[in-house]
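Dear colleague,

I am handing over the structure we spoke about, and I would be glad if you could look through it alongside the notes below.

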Amino acid sequence: MNNSTNIHIQYKLLVSFVFIFMLIIPNCFAQNFWLELSLPDNMEISSIAYNKEGEIFAINKKTSELFVSKDNGYTWTLMNTPKPCIWVYVDSEDEIFISSSQVIFHSSDNGSTWNNISAINDYFEVMMVVDNMIFLTALNGIYKTDDFGITWHHVHEDYTSCNYITSMLYAGEGYFFAGVTSWMGGWGMFRSKDNGDTWSHIGLIDDYVTSLCIDSKVVIYAGSHGNHYSYQPGIYKSTDLGTTWVSVNNQFRSFSLVIDENDILYSLSEIGVLRSDDGGKNWEPVDSDISFSENYRLSLSNTGYLYAFYEKSFYRSKDVVVADIYNSEIQEKILNVYPNPFTEKLQIDGLASDRATISISDIQGREVYRGIYMGDAINLSHLLPGVYILNVKADGKSGAYKIVKSMSN
């Protein structure tokens, strides 16, 4: 038996031990964390994206069409788009980009009208749009345009057909990152310091990088499916924009990795979905009743829900996963903000004053409510389900609180 086989057996034994250990952990994050949602007949999701309003856009792999859900995945409507639709991306301005055959479909009015952007003659995915820069990943690397398709530049070249660019990340100040899975070894992480014009290999060599995310302190996390030679999986982080990487966990494979606005990590693995609130040092399972294959992907919506999907299977967290309270000057003055989550009305108890200025913003910073609070419950039935920030000003002080609106039963 050779050394490679021994390592592989040891890895399988480690995974089995971790799996059994996780099963006996008494305090899972939630026993019934997931809600399985039904998709329309003949629909299999291959790509998903969200706008600021919380609408979900999904590509139907079977029909190459774009669908939209406006109620957090309960119902779906076919959109009037050109075909075929391969991949969907929504940028920070809510503009929609769809990969198609040698062209990109683009809409700036939420899908009411579409225009064409000339693309490359290859199968591709719209991986990222930042400002006026559009990045495509294709079978032979990364392409970029900064003039909406008039000219394209082959900025990152893939020399073999065994490599797959799984993820891209923008860290600001011209820094872009790409994670690569190479089934022949090598590759790993790449970085660009000049807005994606040139790229360099920066580490995690031989690791099957599956996904990238970044926290509020510009710490970059990379999930790994495993290593070509050692078989060891892991989650890695870099605090210096990719110059060095350290392992924060090597006990399970990370098929998909996301992070929420409170810097809580979620990783989909062979032992379920796990959660870490300390930068990956410790993990706890969020569920104990559902197992996902390596083909599933995690996704966080703008309304605070966590999704797991693969083709016909579509799961959503029963509740939003972001619901902590901010620190504030008047936190001790406000005894209770309830119910939280709420469905229609919100009550505030404990103000020293009998009146306060109230405003509510969505997580994109847009104000959705303003008024004077005088003790009566606030009627917020007009708001969509999701995460909001409640701002309170009273007695010369102010406070900000995270509130969550749930869908009515």
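Predicted model: local features only at pLDDT ≥ 70, side-chain atom pairs only at ≥ 80, totals over all residues.

I began with the aromatic rings, of which 14 pairs are present in the structure. In one of these, Trp 34 and Tyr 315 have ring centres 6.5 Å apart and planes at 75 degrees, and since an angle over 60 degrees counts as edge-to-face, the pair is assigned to that class. The two residues belong to distant parts of the chain, with Trp 34 in strand E1 (residues 34-36) and Tyr 315 in strand E28 (residues 313-317), a separation of 281 residues. Trp 34 is buried at a relative accessible area of 6%, and Tyr 315 also counts as buried, with a relative accessibility of 11%.

A second pair is formed by Tyr 296 and Tyr 310, whose ring centres lie 5.7 Å apart with the planes at 55 degrees, so this pair is tilted. Tyr 296 sits in the loop between strand E25 (284-285) and strand E26 (297-300), whereas Tyr 310 is in strand E27 (residues 306-310), and 14 residues separate them. Here the accessibilities fall into two classes, because Tyr 296 is buried at 10% while Tyr 310, at 29%, is partly exposed. The residues of both pairs belong to one aromatic cluster, made up of Phe 33, Trp 34, Phe 292, Tyr 296, Tyr 310 and Tyr 315.

Finally, the largest nonpolar core contains 29 residues, among which Ile 104, Val 126, Ile 134, Leu 136 and Met 168 touch the most other members. Strands E10, E11, E12, E14 and E15 each give two or more residues to this core, and E10 provides the largest share, with 6 residues. Beyond its neighbours within four places in sequence, Val 126 is in contact with residues including Trp 87, Phe 97, Ile 104, Ile 134 and Leu 136.

With best regards

How values were computed: Residues numbered from 1 in each chain as written. Heavy atoms only, no water. Phe/Tyr/Trp six-rings, centres within 6.5 Å; stacked < 30°, edge-to-face > 60°. Helix = DSSP H or I, 4+ residues; strand = E, 2+ residues; numbered from the N terminus. Buried < 20%, exposed > 50% of the residue type's maximum accessible area, 1.4 Å probe, protein only. Core = buried A, V, L, I, M, F, W, Y, C linked by side-chain atoms within 4.5 Å. Contact = heavy atoms within 4.5 Å.
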